[in-house]
Amino acid sequence: LWIFLKNMRLVVAIAVAIPISVYTAFNFFYGADITLNSLTLLGMSLSVGMLLDNSVVVMENIYRLTAQGVDEDTAVVQGTKEVWRSIVASTLTTIMVFLPFAFSDNFLVGLLGKNVGISIFSTLLVSLLVALLLVPLMTHSFLKYRKNIRSIDLEQVSKRNRLIEIYFVLLKTCMRVPAKTIMGALAAFFITLLISLGVSIV
């Protein structure tokens, strides 16, 4: 995040979502009468990689509007309104994958669904609330009381970043030859599959 945003305060604001989401999720564990064990930790480890997505999307959209000259209040409100449906839908999609496990009659499946499902459900749900409430509030504070952050222009940062320039070159190359790109991806997939099978057999 620091490589792309070039500002430690923004990275810290997004990183706050991790401890808040994880520690608040413990309340759901207590309510569901489950403990910290290998299954709940597994669920939390799966959700940690996803819980930052919502915060990044909200903050990036707010700063995109700010870079276009929109005032702080309008940028925060409009930026959050523009993306809240998308992040709610994506979060619910991830949560619903694990919901059927909770209704299984099988003991092992039910145990897995209760521990892993509740840990993922609680962590992602709290991260969604953090992204829609806390992140806009912190972003508004940074924009309003630290005027030097206005110098951050996400469009300029993107154009000057070497990684993004390399990505654009690769993307344009792939778009020029879509058939070869798809065939190459399928070939790489099957080669990787064969190598993994060969390693597992050995």
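Author: Happy to; we can start with the overall make-up and then look at some helices and residues. One thing to keep in mind is that this is a predicted model.

Reader: Thanks! How many helices and strands does the protein chain have?

Author: There are nine helices and zero strands in the protein chain. Read from the N terminus, the elements go α-α-α-α-α-α-α-α-α.

Reader: And what share of the residues is buried?

Author: Of the 202 residues in the protein chain, 33% are buried. As for contacts with a separation of 6 or more, 77% of them come from residues 24 or more positions apart.

Reader: Let's zoom in. How do the axes of H2 and H3 cross?

Author: Helix H2 covers residues 8–15 and helix H3 covers residues 17–31; their axes come within 5 Å and cross at roughly 10°. Angles under 35 degrees count as roughly parallel, so H2 is roughly parallel to H3.

Reader: Which residues meet there?

Author: On the H2 side you'll find Ala13, Ile14 and Ala15, and they meet Ala17, Ile18 and Pro19 of H3. In the contact of H2 with H3, six residues are nonpolar, none is polar and none is charged.

Reader: Where does H6 bend?

Author: H6 has a bend of about 40° at Val130.

Reader: I also spotted Thr123. Is it buried or exposed?

Author: Thr123, which lies in helix H6, has a relative accessible area of 0%, so Thr123 is buried. The cut-off for buried is under 20%.

Reader: What is Thr123 in contact with?

Author: If we skip its neighbours within four places in sequence, Thr123 is in contact with Ser21, Ala25, Met44, Ser47 and Leu51.

Reader: Last one: where does Gly43 lie?

Author: Gly43 lies in helix H4, residues 38–67. Its relative accessibility is 0%, so Gly43 counts as buried.

Reader: Which residues are in contact with Gly43?

Author: Apart from its neighbours within four places in sequence, Gly43 is in contact with Val116, Ser119 and Ile120.

Reader: And how far apart are Gly43 and Gly113?

Author: Gly43 and Gly113 are 70 residues apart in sequence, while in space their C-alpha atoms are 9.7 Å apart.

Conventions. Residues are numbered from 1 along each chain as its sequence is written. This is a predicted model: local features need pLDDT of at least 70, side-chain atom pairs count only at pLDDT 80 or more; totals for chains, interfaces and linings use all residues. Side-chain values use heavy atoms; hydrogens and water are left out. Helices (H or I, at least four residues) and strands (E, at least two) are DSSP runs, numbered from the N terminus. Buried means under 20% relative accessible area, exposed over 50%, partly exposed in between (1.4 Å probe, protein chains only). Contact means heavy atoms within 4.5 Å. Axes are lines fitted to C-alpha atoms, for helices over the stretch in contact, and angles run from 0 to 180 degrees between N-to-C directions. Angles under 35 degrees count as roughly parallel, over 145 as roughly antiparallel, 65 to 115 as roughly perpendicular and the rest as oblique. Ala, Val, Leu, Ile, Met, Phe, Trp, Tyr, Cys and Pro count as nonpolar, Asp, Glu, Lys and Arg as charged, and the others, Gly among them, as polar. The bend at a residue is the angle between axes fitted to the seven residues ending there and the seven starting there.
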